[in-house]
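Trainee: Hey, can you walk me through this one? I'd like to start with the aromatic rings.
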Amino acid sequence: ADVSATEGSATGTIEDEPTTDTPPVELEGDKPTVSIAASPDTGVEGTAANSIVFEVSQDNVSEVGATTVVLSADLGTAEAADFTSISYTDATGAHTLTTEAEIQNFFANGISVTIAAGDTEAPTITFIAEDDTIYEQSESFSLTIDSATGADVSATEGSATGTIEDE
């Protein structure tokens with residue numbers, strides 16, 4: 001049999017299915033949805049259980065690229081002085097905030113975290129409750145996903161609350 005030098009190969013394209021939206025959005029049927037959860041969601045001052053850990057995740061792996069998630073923070077009934085530290089990782093590296101001014105800045109400006117391509121979770125965000133000598137009620141604060149690049153934001157799991165309990 002003769003083999004043609006110009007017709008010996010072909011190229012095909014596999015496209016993602018459209019969404020179930022009305023009208024459907026082409027090529028975005030498996031687009032990830034990001035959410036946030038706190039686990040544990042309660043930290044107790046002056047104990048080994050003084051950490052509150054927030055996890056940002058997405059329901060599908062993306063090979064299109066990294067997912068950037070913009071978070072805002074609300075002190076709620078807490079104060080910056082109620083935290084010993086906040087630790088997180090963003091595009092510039094790992095950070096541990098320990099001064100009241102740094103912690104206040106975190107709550108005033110929020111942060112962005114990244115879920116790497118091929119992964120489903122961003123590095124955790126950890127809050128350590130300060131062991132103070134004040135007799136007080138439980139204090140709550142929250143993190144909310146404001147937006148995400150490369151993913152949709154969950155309509156039901158786009159915010160999470162942490163609580164600091166007095167020992």
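Trainee: So are Phe83 and Phe141 buried or exposed?
Mentor: Both Phe83 and Phe141 are buried. Keep in mind that this is a predicted model.
Trainee: How many aromatic pairs are there?
Mentor: The count is 11 aromatic pairs. In one of them, the ring centres of Phe83 and Phe141 sit 4.9 Å apart with the planes at 90°, so that pair is edge-to-face.
Trainee: Where do Phe83 and Phe141 lie?
Mentor: Phe83 is in strand β5 and Phe141 is in strand β9, so the pair ties together parts 58 residues apart in sequence.
Trainee: And what about Phe107 and Phe127?
Mentor: Their ring centres are 6.1 Å apart and the planes are at 50°, so this pair is tilted. Phe107 belongs to helix α1 and Phe127 to strand β8, so here the linked parts are 20 residues apart in sequence.
Trainee: Why does Phe127 count as buried?
Mentor: Because its relative accessibility is 0%, and buried means under 20%. Phe107 is buried too, at 6%.
Trainee: OK, new topic: which residues of α1 are buried?
Mentor: In α1, residues 100–109, those are Ile103, Phe106 and Phe107. They cover an arc of only 90° around the axis, which puts them on the same side of the helix.
Trainee: Why would residues a few places apart point the same way?
Mentor: An α-helix has 3.6 residues a turn, so residues three or four places apart point the same way.
Trainee: What's exposed on the other side of α1?
Mentor: Ala101, Ala108 and Asn109 are exposed there.
Trainee: And what comes after α1?
Mentor: Gly110 follows, and its phi is positive, near 70°.

Note on methods
Residues are numbered from 1 along each chain as its sequence is written. This is a predicted model: local features need pLDDT of at least 70, side-chain atom pairs count only at pLDDT 80 or more; totals for chains, interfaces and linings use all residues. Side-chain values use heavy atoms; hydrogens and water are left out. Buried means under 20% relative accessible area, exposed over 50%, partly exposed in between (1.4 Å probe, protein chains only). Helices (H or I, at least four residues) and strands (E, at least two) are DSSP runs, numbered from the N terminus. The arc is that of the directions from the helix axis to the C-beta atoms. Rings of Phe, Tyr and Trp (its six-membered ring) pair if their centres lie within 6.5 Å; planes under 30 degrees apart count as stacked, over 60 as edge-to-face and the rest as tilted.
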